[in-house]
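Hi,

Here is the structure I promised to pass on. Have a look at it first, then read my notes below.

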Amino acid sequence: MRAHEAGALHGEIGNSGPAWLRTPVDVNALVPQLWPRNVTRAADGALAVGDLGVRELAEQFGTPAYVLDEGDLRARCRDFRAAFPNEDIYYAGKAFLCRAVVRIIAEEGLYLDVCSGGELAVALAAGMPPERIGFHGNNKSVAELTRALDAGVGRIIVDSFDEIDRLTELARQRAVRPRVLIRVTVGVEAHTHEFIATAHEDQKFGFSLAGGAAARAAFKILDEDVLELRGLHSHIGSQIFDTSGFEVSARRVLGLQAQIRDARGVELPELDLGGGFGIAYTTQDDPSPPHDLSKRLNKIVSSECAASQLAVPHLSIEPGRAIIGPAVFTLYEVGTVKDVDGIRTYVSVDGGMSDNIRTALYDASYSATVASRSSTAGAILARVVGKHCESGDIVVKDEFLPADVRPGDLVAVPGTGAYCRSMASNYNHVPRPPVVAVHDGQARVIVRRETEDDLLALDVG
């Protein structure tokens with residue numbers, strides 16, 4: 001395919017769509033794996049979350065809005081808890097974090113990883129037990145590390161020699177012994193987008209295994225004997241469906257564990273294998289259920305430990321978007337519908353790249369449906385786009401919608417719980433949408449909508 005001068009998103013024109021996208025038999029049907037489990041199409045044709053219809057939600061809270069199915073979120077926490085009963089399961093704060101979500105994952109028995117002082121502040125304000133917090137980040141400041149130490153954060157994942165020195169000095173000053181993991185770059189290429197693959201050598205995270213930096217970091221911490229080295233941490237990327245990468249990662253990181261044992265006589269008691277398990281954004285995605293992931297990962301770790309004559313360490317995992325991602329959809333209102341000379345139908349909604357940058361940033365694919373009604377019209381291939389002054393402001397690149405889609409319709413985009421609100425911006429001075437949680441027939445705002453007054457309050461010039 002010839003490259004397009006306006007960018008990759010404009011390279012495929014015409015009305016055929018990608019090869020995996022099939023014309024639906026029923027344009028109103030919902031593909032179950034794409035939607036929160038309590039979302040259905042009600043008798044009146046509109047989507048509903050439990051007993052609450054989206055038209056009612058739009059009238060009460062406005063659009064665009066992120067809609068969280070709290071029952072689905074809790075069920076996903078429980079699914080992972082049941083599948084990994086002996087492991088520590090860390091919810092990814094960077095995927096989406098607010099006080100209500102922190103309380104939910106704490107109540108469901110999960111741990112929490114944070115990667116900034118702001119995320120740590122939200123976690124502590126929500127009452128997350130600090131011993132169940134892991135602190136990530138490649139450039140933690142003195143202030144951030146100080147706050148983590150003073151709060152009693154359970155695990156600090158060290159990422160550089162500078163950080164080891166910084167944390168060691170702070171720990172000495174406070175006469176504390178923080179528990180740390182070493183983030184190891186294992187050189188495994190996850191089959192994912194270049195920007196979210198995190199274990200190849202040429203990137204900013206962790207200590208290189210191949211170059212020996214990871215071993216030197218371990219020896220340094222053990223020899224200085226100020227920080228308590230609990231184990232190693234490996235994270236190979238995000239939106240991963242194939243566990244073969246974890247097999248290679250476990251073999252390499254446990255090889256380092258054996259090297260540390262042989263050199264210092266210490267068997268580290270913990271191992272964090274990361275995670276970043278994939279979710280279904282479209283019908284081409286086929287995520288594994290938690291019990292299958294647990295079976296495969298535990299088999300991998302047990303096998304590699306036996307080969308190296310290591311005791312099986314206490315395992316931690318980080319499912320990433322797999323917990324929050326599918327539990328949320330974004331609700332928009334259609335403003336214009338434009339047929340461009342038979343090339344493509346553009347359906348413009350009242351949000352866009354300010355509330356979901358992932359399509360533009362990662363070339364991510366999403367699905368969509370007309371949410372406020374059902375239709376007897378045939379299906380047309382459409383592109384759902386935003387209201388921003390950018391040709392790349394695309395929410396859903398290709399989706400079949402009813403041919404009678406029109407201004408005033410509500411459109412819902414599933415799978416937006418992870419990274420959409422977290423990465424939202426005020427581009428074009430558009431205020432960010434609210435997050436509305438629905439549970440047991442009740443809806444409540446857990447993150448309020450920004451207003452123009454909020455934007456002006458920051459502008460002190």
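The lining of the second largest pocket is made up of 14 nonpolar, five polar and three charged residues. (Ala, Val, Leu, Ile, Met, Phe, Trp, Tyr, Cys and Pro count as nonpolar, Asp, Glu, Lys and Arg as charged, and the others, Gly among them, as polar.) Strand S18 (394-402) gives the most to that lining, with four residues; strands are DSSP E runs of at least two residues and helices H or I runs of at least four, numbered from the N terminus.

Before you go on: this is a predicted model, where local features need pLDDT of at least 70, side-chain atom pairs count only at pLDDT 80 or more, and totals for chains, interfaces and linings use all residues. Residues are numbered from 1 along each chain as its sequence is written, and side-chain values use heavy atoms, with hydrogens and water left out.

Now the helices. H6 (residues 161-174) and H7 (residues 213-224) pack at about 15°, their axes 11 Å apart. Axes are lines fitted to C-alpha atoms, for helices over the stretch in contact, and angles run from 0 to 180 degrees between N-to-C directions. H6 and H7 are therefore roughly parallel to each other (angles under 35 degrees count as such). On the H6 side, Phe 161, Ile 164, Asp 165 and Thr 168 make the contact, meaning heavy atoms within 4.5 Å. Their partners in H7 include Ala 213, Arg 216 and Lys 220. By class, this contact has five nonpolar, one polar and four charged residues.

Cheers

How values were computed:
Angles under 35 degrees count as roughly parallel, over 145 as roughly antiparallel, 65 to 115 as roughly perpendicular and the rest as oblique.
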